[in-house]
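Please work through the following exercises with the sequence and the 3D structure open beside you, and try each task before you read its solution.

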Amino acid sequence: MLTRYFHDPITLAAVQALIAGSLAFFVVFLSYKLQLRMERDISIALVRGLIQVVIVGMVLLLIFQEPVAIGFVILAAMMIAAAQTSAKRARGLPDAFRVSLYSIVIGSGSVLLVAVAIGVIELKLSALIPVGSMLLANGMNTASLAFNRFRGEVLAHVGHIDAALSLGASPRAAVMPYIRAAILASLIPRVDSLRSLGIVWIPGVMTGMLLGGSHPVRAALYQFVIMSMILTVSALTSILAVLLMSRRIFTPAEQLILRGGQE
Amino acid sequence: MSEEPLLYTERLSRRVKERFLVEDVNLSLYAQEVLAVVGPSGAGKSSLLRLINRLDEPTHGTVYFHGRDYREIPPRELRRRVGMVMQFPYLFPGTVAENIRFGPRQRGVELSDADVEALLERVGLPGYGDRDVSQLSGGEAQRVSLARTLANEPEVLLLDEPTSALDEAAKAGIEALLREILATGEFAAILVTHDLAQAGRLATRMALMEEGRITRTGRTEEVLHAYQILS
Ligand SMILES: Nc1ncnc2c1ncn2[C@@H]1O[C@H](COP(=O)(O)OP(=O)(O)OP(=O)(O)O)[C@@H](O)[C@H]1O
Ligand SMILES: [Mg+2]
């Protein structure tokens, strides 16, 4: 009978969900009356379930309606894989997967969005996936380098870090020299490749465009755009990764946890 | 000594993987006194000082400072007021003056050149402010390390084998300096040393530590006597 009043299938479904949900809230009411003490759990489960299922529906909608959206889903999956890879490089560092994931998602995600917004990357699968994956792979490599260096620096300076803490330094201040060293070291390859761009090498994107018959200046400029995006992604990812990690190697009472076997 | 101790530990313990590095330590430290902690290598003396400085967390027990459980005091404040000098100086790269300024700077206090020079004079290194720390001898570096801790104006000094990494001549110099600084009565101190003669010269009271536990405390001569019989 509802179908008589609601012709739009989505509105209809929403009304149906609302009615079914209200019925379920009747259970909550019963639970309250009978003092079953389950009203909190049931309410949360209902609201959570609704939100989760709607999100899944919206993701599927994007995928079905707009094939480009698949690109974002694939990139998200790639980011997770990238985070796993660089977390492996961070063996011995606490919470490494989560730290890598946050830094890669924010570092490459933000640059990717800007690139799409200003039209540097076209909104089609054939552009989004290769350029996007190139950016996040660079973020991943930089995060790996940064983790590796940060761990090495901290382990080599346990005594200095303890001395700084002992003098009343905050954990951040105590490891600041090693935060800097790790970020700088991780960015050296990126800065060097930008510096030698065109002189030592003509990189892949430009080569491809030239072979494809593009205007050389256009190809050159596009290559520069790519390189600066790579540098930005790398720097953001590295800074985030090291800063987030630097907090996690201390206890809440500001004691250094990461200290190798002994000492 | 009838007054309240400045600092005391209450069943202070740290266990790492089923093994007690420090176990049930009850020690008191009164204003102005110098308590030596002696004992064989591996007894847990450094571990004990690290716990009192809260560089490690006790697994049982705690420390009271001015009658307050030290876990209620922000760690940075505690570490500033209960300063530590380690066996190795661990100076930060840069000049001597930068090292001296480090502690006060952490709480937004910038020492003047005169302040720095006064501290350097106090540790017998007048005019050393502009020197690069990489050019210091072992004894000089340890003096800078002491001045760096004094710059924080601590009430308690924790001294972990401050002379054991030095040659004989430098050792005598640092010991004389410590004696002079401790004699002012500005600080209470816990001195960890494996040099019993040094402990006898600097300390007013002594504690013997073995396998993580304090097995004897008392007047310096008494504990020394007991320790020498043991070993
Ligand atoms: N983080 C740690 N994890 C496990 N064991 C440790 C740790 N730190 C120290 N130890 C061990 O605890 C014991 C006590 O060490 P500590 O350095 O406190 O002894 P010490 O009395 O200062 O010895 P020394 O006179 O040689 O300096 C040693 O056996 C040491 O190997
Ligand atoms: Mg020791």
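The exercises below treat helix packing, one serine and a ligand.

This is a predicted model, in which local features need pLDDT of at least 70 and side-chain atom pairs count only at pLDDT 80 or more, while totals for chains, interfaces and linings use all residues. Residues are numbered from 1 along each chain as its sequence is written, chains are lettered from A and ligands numbered from 1 in the order in which they are written, and side-chain values use heavy atoms, with hydrogens and water left out.

**Exercise 1.** Determine how helix 8 of chain A is oriented relative to helix 10 of chain A.

*Solution.* Start with the helices, which are DSSP runs (H or I, at least four residues) numbered from the N terminus. The axes of helix 8 (residues 171-195) and helix 10 (residues 216-248) of chain A come within 10 Å and cross at roughly 160 degrees, where axes are lines fitted to C-alpha atoms over the stretch in contact and angles run from 0 to 180 degrees between N-to-C directions. Helix 8 of chain A and helix 10 of chain A are therefore roughly antiparallel, a word used for angles over 145 degrees.

**Exercise 2.** Classify the crossing of helix 6 of chain A with helix 10 of chain A, and describe the residues in their contact by class.

*Solution.* First, the axes of helix 6 (residues 125-156) and helix 10 of chain A come within 8 Å and cross at roughly 40 degrees. Next, the contact (heavy atoms within 4.5 Å) includes Phe147(A) of helix 6 and Tyr222(A) of helix 10. By class, this contact has 15 nonpolar, seven polar and no charged residues.

**Exercise 3.** Find what Ser43(A) touches beyond its neighbours within four places in sequence.

*Solution.* Locate Ser43(A) in helix 3 (residues 39-65) of chain A. Leaving aside those sequence neighbours, Ser43(A) is in contact with Phe25(A) and Val28(A).

**Exercise 4.** Where does ligand 1 lie, and which residues come nearest?

*Solution.* Ligand 1 lies between chains A and B. Of the 13 residues around ligand 1, Ser41(B), Gly42(B), Lys45(B), Ser46(B) and Ser47(B) come nearest. Finally, a backbone N or O atom of Gly42(B) lies 2.8 Å from an oxygen atom of ligand 1, and a polar side-chain atom of Glu161(B) lies 3.3 Å from an oxygen atom of ligand 1.

Methods: Helices (H or I, at least four residues) and strands (E, at least two) are DSSP runs, numbered from the N terminus. Angles under 35 degrees count as roughly parallel, over 145 as roughly antiparallel, 65 to 115 as roughly perpendicular and the rest as oblique. A residue is near a molecule or strand if one of its heavy atoms lies within 4 Å of it. A polar contact is a pair of N or O atoms within 3.5 Å; within protein, one must be able to donate a hydrogen and the other to accept it, and residues adjacent in sequence count only if both atoms are side-chain atoms. Ala, Val, Leu, Ile, Met, Phe, Trp, Tyr, Cys and Pro count as nonpolar, Asp, Glu, Lys and Arg as charged, and the others, Gly among them, as polar.
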